[in-house]
Amino acid sequence: MDQHNILNQLQELEKKSTVLEPSANNRMQWEEAFTKYSKRYIDELNDKPSFSLENYDDDTLSNTDFRSENAIDDVLRLLKDHLEPPGLNPASGGHLGYIPGGGLYAAAVGDYLAAVTNKYAGVFYASPGAVRIENALINWTANVLGYNRGFGGNITSGGSIANLIAITTARDAKGIKGKDLHKTVIYMTKVAHHSLKKAIVIAGLRECVIREIALDKQYKMDVVALADQVKNDKTSGLNPFLVIGNAGSTDIGSIDPLLEISQVAKENDLWFHVDGAYGGYFLLLDECREKMKGIADADSVVLDPHKGLFLPYGTGIVLIKRLEDMKQAFSYEANYMQDTVSFEQEVSPAELSPELSKHFRSLRMWMPLKLHGEQPFIDALKEKLLLTEYFKQKVVELGFELLTEPELTVVAYRYVPNNGMDANEFNKRLMDKVHQDGKIFISSTNIDGNYILRFACLSFRTHRYHVDELLKLLLACKEEVLADM
Ligand SMILES: *Cc1c(COP(=O)(O)O)cnc(C)c1O
């Protein structure tokens, strides 16, 4: 192509592609529109359902046409009409199922600025500031946990990836090789989160022996059973490798006896991993720190800021007691990155996780902590604990039975009808009715073959109002199911 032609084409293409950089006026128009949208969304939360079964067949969004440009108001209307209505609304204070979090507005501001600046958060050389922000948050979390120095950590997309990083690090730190897998043993309980089983499979440990250690009456790991099993396994020539404890199980919020488990781990040279994706940030409260004593002895710990710190989905943290173990599992060399290695004042996230180019996700955690300070987080977590106590007392007054005393902010409960009707069938129907109403969302679990209802209170937006609404709903739905039979 002759140069004249090249220059002509470039001129034309430049003109066409600059629409991707909207003018200041254009940006202001968008900002006004999306600010209005978020204002309405937040203002309406308590008037809208937490869950809606309607319009699941609406496939407008599957058939999105990308061939032409659209005005911001039309685009936002598509979201309002087709994204908002069906399914769960996790931003609502009425979300009391699974493990909620809410989604802090301050985090949205962080996300917005992370996208606008597009800082490259994977490597110190590229953005010392972004890496320092991530490392500062890891240090802050490690401090909450009780890790002193020498640890490593990474801000991940969630607890599942954080668990995967921990399991992978454990595998390499303990030198587990393919030829030994059938002799290698992992210990956990049946209330361990399924993301751990996934992580074990993804990390290539599918052929390991997995021991489900018995639970006591409060659904905590029976440490005597653990010690016995490890001893037996050693006697039969197996290699005990990893024990996984819960700092707040998803099902019932139970906390394993972490200190005792850490002792068994130490005596037998096991890697001790603690899954605190749900419960970890309760360590901010003095009254909960006692319950998780021993967590600082773990070799690795996972926490989910999108649960216990109320961030929007997409934020987990893994901490590894010895940074070197993490580096061993994840560091890399790449020819095209040769210029980055002379900048090693700070460890870079890319050396400690599978990600290279990573979302500057630490800004969504940093912004709320900076704007609000830690104290409101502590107060909100205390409020959730007290709401849980309140719900527990009230639901028992309504005739429901508890599976066990709640330790954190999950209550596992059910109604056992005294008219001979099957309890599982009853509670299933009760939950369907609550879902049909939709004002408050709850979820269920299956424990030992029993259909169990769960109250999971962790959104910063959940207040007494929502708990009272749920209690009203449970009473009304219970009467309806009883009358239907
Ligand atoms: C939520 C949860 C996970 C999984 O975390 P994601 O952030 O959903 O990937 C793991 N363990 C526990 C205990 C959890 O509550």
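User: Which residues form a nonpolar patch on the surface, and what is their accessible area together?

Analyst: The model is a predicted one. A residue can belong to a patch when its relative accessible area is over 30% and it has no salt bridge. The nonpolar patch on the surface is formed by W30, F34, Y112, L113 and V116, and their accessible area together is about 440 Å².

User: Which helix gives the most to the nonpolar patch?

Analyst: Two helices, α2 (24-43) and α4 (105-117), each supply at least two residues of the patch. With three residues, the one that gives the most is α4.

User: Where is Y112 placed, and what is its relative accessible area?

Analyst: Y112 lies in helix α4. Y112 is partly exposed because its relative accessible area is 35%.

User: What distance does α4 reach from its first C-alpha to its last?

Analyst: Helix α4 has 13 residues. At 1.5 Å a residue, a span of 18 Å is expected. The model comes close to that, with a reach of 19 Å.

User: Within what arc do the buried residues of α4 fall, seen down the axis?

Analyst: The buried residues of α4 are A106, A107, G110 and A114. Seen down the axis of α4, the buried residues line one face of the helix, because they fall within an arc of 100°.

User: Which residue follows α4, and what is its phi?

Analyst: The helix α4 is followed by N118. The phi of N118 is positive, near 50°.

User: How many residues apart are R132 and E346, which form a salt bridge?

Analyst: The closest N and O atoms of R132 and E346 are 3.8 Å apart, and the cut-off for a salt bridge is 4 Å. R132 is in helix α5 (residues 128-145), while E346 is in the loop between α12 (323-330) and α13. The pair thus links distant parts of the chain, 214 residues apart.

User: Are R132 and E346 buried or exposed, or in between?

Analyst: R132 has a relative accessible area of 42%, and E346 has 24% relative accessibility. Buried requires under 20% and exposed over 50%. Therefore R132 is partly exposed, and E346 likewise counts as partly exposed.

User: What is the relative accessible area of E134, which forms a salt bridge with K358?

Analyst: K358 and E134 have their closest N and O atoms 2.8 Å apart. This pair links the loop between α12 and α13, which holds K358, to helix α5, which holds E134, 224 residues away. K358 is buried, with a relative accessible area of 7%. E134 is buried because its relative accessible area is 2%.

User: Which residues are linked with R40 in a network of salt bridges?

Analyst: The count for the model comes to 33 salt bridges. Among them is the pair of E479 and K478, with the closest N and O atoms 3.9 Å apart. The network that includes R40 links it with E44, K48 and E84.

Terms used. Residues numbered from 1 in each chain as written. Predicted model: local features only at pLDDT ≥ 70, side-chain atom pairs only at ≥ 80, totals over all residues. Heavy atoms only, no water. Patch = residues over 30% accessible without salt bridge, like charges linked within 9 Å, V, L, I, M, F, W, Y side chains within 5 Å. Areas by Shrake-Rupley, 256 points an atom, 1.4 Å probe, with all protein chains shown as cover. Salt bridge = Lys/Arg side-chain N within 4 Å of Asp/Glu carboxyl O. Helix = DSSP H or I, 4+ residues; strand = E, 2+ residues; numbered from the N terminus. Buried < 20%, exposed > 50% of the residue type's maximum accessible area, 1.4 Å probe, protein only. Expected span 1.5 Å × (residues − 1). Arc of directions from axis to C-beta.
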